[in-house]
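Here is a short briefing on one protein chain. Look at the sequence and the structure, then read the points below.

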Amino acid sequence: MFGGPVRRLLLAFFLWAALFVWAGAILWLSSLGAEELPPAAFVAWDKLNHFVAFAAGGWLAASAVRVSIPSRRIGALLLTAALVVACFGAFDEMFQLLSPGRSGADL
């Protein structure tokens, strides 16, 4: 399905690495003070920025799990990806409490 076991392994490695880079970028942005943050892509809608960022993380998580465990059912795959990204989001909110001038612990 993914071009053989070696190609699947390389693709899985790439997807997991991309997910960790995404998580690192989110944590880096969370560590910045309020005055250091770059301008928002959608200035008026902070929640839309979060939706787009975490949708990208969800896609990476779902893709990484799908390639790593191709026999997993779609429902279990989506639940796993949603849980991974939701747990990371909760961690990120707590992490923001450590950043000067930032609030955290938002739903």
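W22 is buried, because its relative accessible area is 12% (buried means under 20% relative accessible area, exposed over 50%, partly exposed in between, with a 1.4 Å probe and protein chains only). This is a predicted model, in which local features need pLDDT of at least 70, side-chain atom pairs count only at pLDDT 80 or more, and totals for chains, interfaces and linings use all residues. Residues are numbered from 1 along each chain as its sequence is written, and side-chain values use heavy atoms, with hydrogens and water left out.

**Aromatic rings**

- The model has four aromatic pairs (rings of Phe, Tyr and Trp, its six-membered ring, pair if their centres lie within 6.5 Å; planes under 30 degrees apart count as stacked, over 60 as edge-to-face and the rest as tilted).
- W22 and F54 are edge-to-face, because their planes stand at 90°, with ring centres 5.4 Å apart.
- This pair links distant parts of the chain: W22 is in helix α1 and F54 in helix α2, 32 residues apart (helices, H or I, of at least four residues, and strands, E, of at least two, are DSSP runs numbered from the N terminus).
- F54 and F88 make a tilted pair, at 6.3 Å centre to centre and 40° between the planes.
- That pair joins helix α2 to helix α3, across 34 residues.
- F88 counts as buried, because its relative accessibility is 13%.
- W22, F54 and F88 form one aromatic cluster.

**Nonpolar core**

- The largest nonpolar core has 14 residues, and L15, L19, W22, L60, A61 and F88 touch the most other members (a core is a set of buried Ala, Val, Leu, Ile, Met, Phe, Trp, Tyr and Cys residues joined through side-chain atoms within 4.5 Å).
- Helices α1, α2 and α3 each give two or more residues to this core.
- Helix α1 gives the largest share, six residues.
- Beyond its neighbours within four places in sequence, A61 is in contact with L19, A81, V84 and V85 (contact means heavy atoms within 4.5 Å).

**Helix packing**

- The buried residues of α2 pack against α1 and α3.
- The buried residues of α3 pack against α1 and α2.
- In α3, the buried residues include L77, A81 and D92.

- S30 is found in helix α1, residues 5-31.
- S30 is buried, because its relative accessible area is 3%.
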